[in-house]
Structure formats: structure tokens, C-alpha cells
Amino acid sequence: MDGPVLPSPGALSAHRPPPDAGVRVTGGLFGRWLDVNRAGSIPLALHHLETSGALGNLRIAAGLESGSFRGPVYADSDVHKMLESAAWQLQHTEHDAGLSTFLDEGARLLARAQEDDGYLDSHYQVAEPERRYARLVDSHELYCAGHLLQAAVAVHRTTGGTELLTVARRLADHLCAVFLDDAGPGLDGHPEAETALVELYRVTGDERCLTLATRLVERRGHGLVGRHKHGTRHRLDHLPVRSAPSVTGHVVRALYLEAGAVDVAVETGDKELLAASAARWTDMAATRTSLTGGLGSRQVGEVFGERYELPPDLAYNETCASAASIQWSWRLLLATGEGRYADLLERTLYNAFAAARSADGRTYYKGNPLQRRPDHAEAVGDPRCRDEWFYSACCPPSVTRLVASLPHYATTTADDTLFLHLYAPMRIACTLPTGQVALRVETEYPWDGTVRITVEDAPDGDWTLALRVPPWSARTRLDGEPVAPDAQGRLLLRHAWRAGDEVVLDLDMTPRLTAAHPRIDALRGSVAVERGPLVYCFEQTDQPAGTDVDELALPADAELRVTHVPDLPGVGRTVRIEADAETVRAPHRDGLPYLSPDTPLERRPATATAVPYFQWDNRGDGAMRVWVPVTY
């Protein structure tokens, strides 16, 4: 079954999603996330589409109801993203009448709301019909259109349905008629349509969609977005995409633009454009990425900060940014085949992204800090708290649609090589040039580093199974023997495989202390705990009485002890890590929180307990921190 990204035959793509692929998750953490999606998150989101007015707006536009527009100008995108979520989820949920009904009714509603010329945006149809494309800097008209196109592609690829695809094609025809004219409107202040137009081109073969996507990417940086209070950098209009040296401005906008730029480069064979995007990814990973993979240092403006500006407590790390980062990394992985993109994808997925949703799938963070103080409740206007839905509800459906499509990010192919990038209990079936391959993957990853892969079907002759070895695995074994990955972090196993053949990969899950780069001022002199792909945090609820999490310090040589917990109330399965630590307390001088350098500190031994960051805030709303001071 095809997934969200499918480069055309002959495109500039080192890897491809496996042809005729079927990836079925059979359990484990991914299985839990998919179950939570189906049973909790998606039904709740569909309820909020009604209560928020998002569906009502479209009914008014369709002439089915009367009333006034409700919600932000981009409320339609919530509907579109949930249509996409439902489509991908149906691949893992057999005979779900509710999801099928939502897809059918949603397609009919959008078809009825669409104008005769193909235009479709309920805010401007209902509230401001005279202002079509009149304020693109903030209108989100192309942004909403992009999410509709992606939903239509998802529905077509999963169910074969064409009704929503017809709506999408009419909307794309309208966009091409309006925006392929050099004298027409400027650019939408929120990129998203670029990558959606490319994917629609991949489905329909309509060259105009690719031409428009290319035009939207190339016109950035020429002052066509319009004036905005945060300036041209915020709206990514300060430099052309080919020459911008680093990511900047609004994080989600920037990452959606990068995904679109890679898609355009791949389809047009533009190596220069691809290299420019890859260079910005490299700079972002090295200087603007939180340990969890989160992106966005500043809540105000939802922007990237300066290089190495990575505060743990004030970091915004928006949930949509984590999803967009995964989408960009995946496209670069397909384009280049380089393992580093899978490494950051995995880090972001298991930490910044996974932490956004509560364990029961019913509440979400919009921002994901790496520290919360005991008096956080006194803060005002802070979006870093979980809720079922938001006025600006971009994040919950970003989570549901990525989780629903998650199996598509597990594997790729290149010639006669099948690559495994993510490890989970699953069955994989695909076609290589030599014939049909079927694998069974058994693992308890990320709790355990053993991955057992059994060949269930294989063609005659040699073919290669490639296994990703994450950079944190200091000692890796294959079938019990030490092995070293290649420069791309892979084990390439070429063999005349037969049904029943088996390989066992053992990744090193020894917990480790991690220090920050010295240029990250906010983290100087601090360490964090990691194990496998998981970043850990210290929650107040896990510390013994009298131990304040804000006073914890860890010795640089701390011994880290692992405890497997089958079912932690409110969390589920987890692995705890304990360390001998100490609490550090200090007096105040002259009533101020400053001391002489030689002031003696009060130090007391303590035991510090950490849990995976993605599982935090499921057992109360107390203090938490990822980074703690180090003692020598």
C-alpha cells in the first residue's frame, strides 16, 4: 500500500518506498500508539470538529446550515488533516464503519461547499468573500488547500476513493489558473501547498501541479509574501530558497517549505536545490535541535532561535514542528539514502513527537519544554500544557495523521536491497526486482535492543537486507558476533535468502550520560540521561520524599541502574533508570539569589529516578527536568 510520499519512477531518489508494500504492525509500542489513535484520539478529534465549528463552517459554505464562521481562518485544515488521519488509520483498522462514514461524508461536504471555479475555503466563502487572496501573508488559503490535497491523496491511496480526489483536482486547477500567472497574487505566508501539489502530481500526472509547486518554492525570498509584524524572516521571504544558509523564522512554516523544496528537487532532478535543503538540515541538526529532536527555541513567534539557543525551560518545541521535521528528514532519506536522516527521525519520533500526546491519547501539548518548575501553575498564557483541543488546533491532527501513517516510515528499497530503518513488531511484504520478499520482525524495541528478523518468503538468487545501526549503539552484535556498521550506519547482509532464515540484531541499550555542546549556554555544566533511542527525564513524582527535582545533581561518573516495569499506572510499560545523586542547596545573599564563588553549598546524598521523556506528565502535573547539573 502506498504511503504519504511516493517519488515518481525516474525521480532523483536514491531510495524508494517498497513497491507493492504491505507493512503491518503486530504489537509493541507502535501497536499501542495505533490502538490509542483508533480508540481515543481520532474519535475525540472528530467530536471536536463538531464542537469547534470546523465542520459547521463547511456546512454553511455548502448552504446546508446558516450562521457565522467560527474559529481561526485555517479551521478547514483541521477537517482536512482528520480526513487524512482516518484514511491512513483504515489501513490498520478493518471494518471501521465510523471512519469510512467520515471519509464519505467529508468528501460529499467538501464537494458541495466547493465554488464553481474550484475555490474552497470556508472562512473566505462565509466571512469575507470579497477578500480572496487579498491578505496572503496571514490568510492560510494555500495552506488549507495543501492539507486538502494531501487528504485526497491519502484517501485515494488507501481506499481507491475518487470523490475527494475530484475535489482536490478542481481546487488544484483553480490554484494553477490563479498562481501560475506572474502578475497574479503573491505567496501564502504559510507554506504547505508545495509538498501537497507535488504529491498530487505524483498521483495524477498533471504537470501543472509540479510547475506550480516549483514556482511557489522559487518565488520565496523575493518579497512576495507581504508585510508582517515579525518581518520577512518569520515568513521565510528574506532570501531565495537556493541561497538561504540556515533555517530561520517560524519553525513549522520553514519545515513545510523544506519538505516541499525536497519534493520539487526530487521530481525535477534539481541537485542544487536538494543540496541547499540538505545543508540547512545539517546546520539545523548541529545548532538548533533539542536533545529530544524538538525544534523552536522561542514561544513568541514560534520561531527558531539563534544558533545554540536551546533553553530547556523556555523551549517551545511545537508538536507540529516535530511532525514536520520527521516529514523533511524522511524526504531527504529517500532522496539521498543517507542514514543520518533516519537517526534524527527516530530521535524526534520517540521523544519530542511522542511526548506531545498523553498515554491515553486524549490530551496534547502544543509546546514541549524540557523542564517544568514546581510553580509552573503561576505562569499565564503558557501553551505548554496538555488539552484535548486548542483554538489553534493544528497539533492534535498532526499527531493522529503521522501515527496513522507511521508504518510507511519503517522501510525503503534501492535496487535489490531492502532497508529497515525503524524497528517494531511487524510483518513486511514487498516486491524487489528479484521477486517477492516477506519478513517477520520480532522485538521489544525500544525497551530492549534485540531485533529478530525471520524470512518468510524470498525469491531465488542473492538480495540484500540492510539494517540500520543507530549511532548510540556503542557495541552491536549480529547473531551473537560483534559487527561494525558502514559509514552510513548500516549492516548490509547480502545472501541467497530462503524462507526460514533468521538474523538477530543486538543493539547496545546501556544507559548513558550526555553532555551539551559548550556553546549551549543554558545547558553548560549539565547532563542528561539516555538509553537506546529514548531521552529520559526526572519527574518529581518519582523522587523520594525530601528530594526536590530542581535541586538534583548527578556525578559525572554516575552509575545508571535499569529497572524494567511491566505496567506503571497511568503510563504502561516502561524502563526506569536510577542513579546515586545528591541535592544541592544554597543560601541567599542580601536577599538575592546570588552568591560568592566560594560560598559553601549544602549537599546531601539522594537517589534520582528517571523515566522516558515521552511518558512524562501522565501521573500528575509536578515538576520535571531533562537536564541536571553535573558534579565532579
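In the predicted model, a network of salt bridges links Arg157, Glu199, Arg202, Asp263, Glu267 and Arg331. Within this network, the side chains of Arg157 and Glu199 meet in a salt bridge with an N to O distance of 3.0 Å. Because Arg157 belongs to helix α7 (residues 141-159) and Glu199 to helix α9 (residues 193-204), this pair ties together parts of the chain that are 42 residues apart in sequence. Both partners are buried: the relative accessible area of Arg157 is 10%, and Glu199 has a relative accessibility of 3%, each value falling under the 20% that marks a buried residue.

A search of the whole structure finds 48 salt bridges, and two further pairs can be described in the same terms. The side chain of Arg494 meets that of Asp416 in a salt bridge of 2.7 Å, taken from N to O. Arg494 is part of strand β11 (residues 490-495), whereas Asp416 sits in the loop between β3 (411-414) and β4 (417-420), so the pair ties together parts that lie 78 residues apart in sequence. In this case the two partners fall into separate accessibility classes, since Arg494 counts as partly exposed at 47% relative accessibility, while Asp416 is buried with a relative accessible area of 17%.

A salt bridge is also formed by the side chains of Arg573 and Glu444, with an N to O distance of 2.8 Å. Arg573 is located in strand β18 (residues 572-585) and Glu444 in the loop between β6 (435-443) and β7 (450-457), so that parts 129 residues apart in sequence are tied together by this pair. Arg573, at 34% relative accessibility, counts as partly exposed, and Glu444, at 42%, is likewise partly exposed.

The packing of helices was examined for two pairs, one of which includes helix α7, the helix that carries Arg157. The axes of helix α3 (residues 76-89) and α7 come within 8 Å and cross at roughly 15°. The two helices are therefore roughly parallel to each other, an assignment that applies to angles under 35 degrees, and their crossing is left-handed. On the α3 side the contact is made by Asp76, Ser77, His80, Lys81, Leu83, Glu84, Ala87 and Trp88, and on the α7 side by Tyr143, Cys144, His147, Leu148, Gln150, Ala151, Ala154, Val155 and Thr158. By class, the residues of this contact between α3 and α7 divide into nine nonpolar, five polar and three charged.

In the second pair, helix α4 (residues 97-113) packs with helix α8 (residues 163-179) at an angle of about 30°, and their axes are 8 Å apart. This angle makes α4 roughly parallel to α8, and α4 passes α8 in a left-handed crossing. The residues that meet are Ala107, Arg108, Leu110 and Ala111 in α4 and Glu163, Leu164 and Val167 in α8. The contact of α4 with α8 comprises five nonpolar and two charged residues, with no polar residue, whereas the contact of α3 with α7 includes five polar residues.

Notes. Residues numbered from 1 in each chain as written. Predicted model: local features only at pLDDT ≥ 70, side-chain atom pairs only at ≥ 80, totals over all residues. Heavy atoms only, no water. Salt bridge = Lys/Arg side-chain N within 4 Å of Asp/Glu carboxyl O. Helix = DSSP H or I, 4+ residues; strand = E, 2+ residues; numbered from the N terminus. Buried < 20%, exposed > 50% of the residue type's maximum accessible area, 1.4 Å probe, protein only. Axes fitted to C-alpha atoms, helices over the stretch in contact; angles between N-to-C directions. Parallel < 35°, antiparallel > 145°, perpendicular 65-115°, else oblique. Left-handed = near helix turned anticlockwise from the far one by under 90°. Contact = heavy atoms within 4.5 Å. Nonpolar A, V, L, I, M, F, W, Y, C, P; charged D, E, K, R; others polar.
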